[in-house]
Amino acid sequence: IPSLVYAQQVEPDADDIALLRSAIALTVDDANLDPRHVLERCVALAQLAVLANDDAAARTWSHRGLAIDPYHATLALTLARIDDDEAVGPPARDVLAQVVSQHPTWPDVEAALIRRQLEDGRVDEARWRISTWQQRHPNHPHMPETPGRAQEIAA
């Protein structure tokens, strides 16, 4: 399944994406599946939903997968790219913060958390996180892609 999803990420085809989404969705509720395989399917369905511009499905599958593994970086990063719906699950910044607390050496997740905090208007939280990161890893290449803005906020 991950290989099929990756192939669509490299060379997307709307018909193939729709077919894969339908096929994988049919298997995700199989009672005989190990939770790891359910998680794999949730990740695939979330990624395929992003490719199909279906944010609601991406959100739903991401939160369903995070119920199995609350520290899953791919699912947290998927949520970071779409709008929140607290009726479906916690805000992306909370999910990202949870993953960062478990995996503090994963810079892509921390960068996504900083960007999300800024988008959500939580400038003080983002300022603190940027300052802490800069102390630990000056000039790190994963610093959010707006280094000028990050420097301005950190000041």
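Helix H7 is mostly covered, with 10 of its 13 residues buried (that is, under 20% relative accessible area with a 1.4 Å probe and protein chains only; over 50% is exposed, and in between is partly exposed). The model is a predicted one, where local features need pLDDT of at least 70, side-chain atom pairs count only at pLDDT 80 or more, and totals for chains, interfaces and linings use all residues. Residues are numbered from 1 along each chain as its sequence is written, and side-chain values use heavy atoms, with hydrogens and water left out.

First, the overall picture. The protein has nine helices and zero strands (helices being DSSP runs of H or I with at least four residues, strands runs of E with at least two, both numbered from the N terminus). Of the 155 residues in the protein, 41% are buried. Take the contacts (heavy atoms within 4.5 Å) between residues at least 6 apart in sequence: 54% of these link residues at least 24 apart.

Back to H7. The buried residues here are Pro107, Val109, Glu110, Ala111, Ala112, Leu113, Ile114, Arg116, Gln117 and Leu118. Just past the end of H7, Gly121 has a positive phi of about 80 degrees.

How does H7 sit against other helices? Two packed helices are described by the angle between their axes and the distance between the axes. The axes are lines fitted to C-alpha atoms, for helices over the stretch in contact, with angles from 0 to 180 degrees between N-to-C directions. H7 (residues 107-119) packs on H8 (residues 123-136) at about 150 degrees, the axes being 8 Å apart. So H7 is roughly antiparallel to H8 (over 145 degrees; under 35 is roughly parallel, 65 to 115 roughly perpendicular, and the rest oblique). The crossing of H7 and H8 is left-handed, meaning that the near helix is turned anticlockwise from the far one by less than a right angle, with clockwise being right-handed. From H7, the contact takes in Pro107, Glu110, Ala111, Leu113, Ile114, Gln117 and Leu118, and from H8 Val123, Glu125, Ala126, Arg129, Ile130, Trp133 and Arg136. By class, that contact has nine nonpolar, one polar and four charged residues (Ala, Val, Leu, Ile, Met, Phe, Trp, Tyr, Cys and Pro count as nonpolar, Asp, Glu, Lys and Arg as charged, and the others, Gly among them, as polar).

H5 (residues 73-80) is another partner: the axes of H5 and H7 come within 10 Å and cross at roughly 25 degrees. That makes H5 roughly parallel to H7. This crossing, too, is left-handed. Ala73, Leu77, Leu79 and Ala80 of H5 meet Asp108, Val109, Ala112 and Arg116 of H7, giving six nonpolar, no polar and two charged residues.

Leu96, in helix H6 (residues 92-102), is buried at 0% relative accessibility. Leaving aside neighbours within four places in sequence, Leu96 touches Ala76, Leu77, Ala80, Val109, Ala112, Leu113 and Arg116.

Elsewhere, Arg41 lies in helix H3 (residues 35-51). Arg41 is buried, at 14% relative accessible area, and touches Ile1, Ile24, Thr27, Val28 and Leu33, with residues up to four places away in sequence not counted.
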